[in-house]
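Visitor: Hi! I have a new structure open and would like a friendly walk through it. Could you show me around?

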Amino acid sequence: MKIRMSLLLLGAFALAGCGWMPHFGKKKSEAPVQQTLMKSLAGEVDYTLTHPIPADAYLEVTLADVSKQDAPARVIATDRIAPIGQSPVDFVLTYEPSDLADGVDFAVSARIKQGDRTLALSDTQVSVLGRSGNDGPVRVVIAEIH
């Protein structure tokens, strides 16, 4: 009985000592890890289609850096919504603010897709963030492809 009690007390002291272990060996001058806060851009996609939307179709909304006219747009964030539902459809694009550092012109675009096939898309550039100063909410209108 005395041996069991001694082992139990020894185990309790060992576990109690673990509480200070994570701080062992750390320098007090170490700076805390800096975390960046994600930002978001909200809006809605409005559409009027002559054909019903297939059940397996999805809405893809993209935030892209369109600063360089001679290069493809750099995608910053994408929101994929399925099933689509009734128009208008709300979306939220979440992005890291540091991803905007290289650009000055940004745009939101949207398209309804079924697999690799595009059924409808936005044909007007919706400028956001950067020089436009538009930080939402935004409205994107998409039109059917004929």
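Guide: Here is a short tour, from the overall layout down to single residues. This is a predicted model, in which local features need pLDDT of at least 70 and side-chain atom pairs count only at pLDDT 80 or more, while totals for chains, interfaces and linings use all residues. Residues are numbered from 1 along each chain as its sequence is written, and side-chain values use heavy atoms, with hydrogens and water left out.

Visitor: Thanks! How many helices and strands are in the protein chain?

Guide: The protein chain has 1 helix and 8 strands. Helices (H or I, at least four residues) and strands (E, at least two) are DSSP runs, numbered from the N terminus. In sequence order the pattern reads α-β-β-β-β-β-β-β-β.

Visitor: And how much of the chain is buried?

Guide: Buried residues are 27% of the 146 residues. Buried means under 20% relative accessible area, exposed means over 50%, and partly exposed is in between (1.4 Å probe, protein chains only).

Visitor: Which strands does β8 pair with?

Guide: Strand β1 (residues 39–47) runs parallel to β8 (residues 138–144), and 5 bridges join them. Strand β6 (residues 117–122) pairs with β8 in the antiparallel sense, over 3 bridges. Two strands count as paired if DSSP finds at least two bridges between them.

Visitor: Let's zoom in on β1. What is the bridge partner of Glu44 in β8?

Guide: That partner is Arg139. Glu44 lies in strand β1 and is partly exposed, at 27% relative accessible area.

Visitor: What else is Glu44 in contact with?

Guide: Leaving aside neighbours within four places in sequence, Glu44 has contacts that include Pro88, Val89, Asp90 and Phe91, as well as Val138 and Val140. Contact means heavy atoms within 4.5 Å. Glu44 and Asp90 are 46 residues apart in sequence, but their C-alpha atoms are 4.3 Å apart in space.

Visitor: Now the β6 side. Where is Ser122, and is Ser122 buried or exposed?

Guide: Ser122 lies in strand β6 and counts as buried, at 13% relative accessibility. The bridge partner of Ser122 in β8 is Ile142. Beyond four places in sequence, the contacts of Ser122 include Ser109, Ala110, Val140 and Val141.

Visitor: New topic: how many salt bridges does the structure hold?

Guide: There are 3 salt bridges. A salt bridge here is a side-chain nitrogen of Lys or Arg within 4 Å of a carboxyl oxygen of Asp or Glu. One of them joins Asp46 and Arg139, at 2.5 Å from N to O. Asp46 lies in strand β1 and Arg139 in strand β8, so this pair ties together parts that are 93 residues apart in sequence. Arg139 counts as partly exposed, at 48% relative accessibility.

Visitor: What about Asp105: which residue does its side chain meet?

Guide: Asp105 meets Arg131 in a salt bridge of 2.6 Å, N to O. Asp105 is in the loop between β4 (89–95) and β5 (106–114), and Arg131 is in the loop between β7 (126–128) and β8, so the pair ties together parts that are 26 residues apart in sequence. Asp105 is partly exposed, at 23% relative accessible area, whereas Arg131 counts as exposed, at 61%.

Visitor: And which residue forms a salt bridge with Asp65?

Guide: Asp65 pairs with Arg74, and their closest N and O atoms are 3.0 Å apart. Asp65 is buried, at 9% relative accessible area, while Arg74 is partly exposed, at 33%.

Visitor: Which residue lies over the face of Tyr58?

Guide: Arg80 does, at 3.5 Å from the ring centre. The rule for a charge over a ring asks that NZ of Lys or CZ of Arg be within 6 Å of the ring centre and within 35 degrees of the ring normal.

Visitor: Last one: where are the cis peptide bonds?

Guide: One runs from Ala82 to Pro83, with omega near -10°, and Pro83 is in the loop between β3 (74–81) and β4. Another joins Gly136 and Pro137, with omega about -5°. Pro137 lies in the loop between β7 and β8. Leu129 is also found in the loop between β7 and β8; its phi is near 50°, a positive value in a residue other than glycine. Leu129 is buried, with a relative accessible area of 10%.
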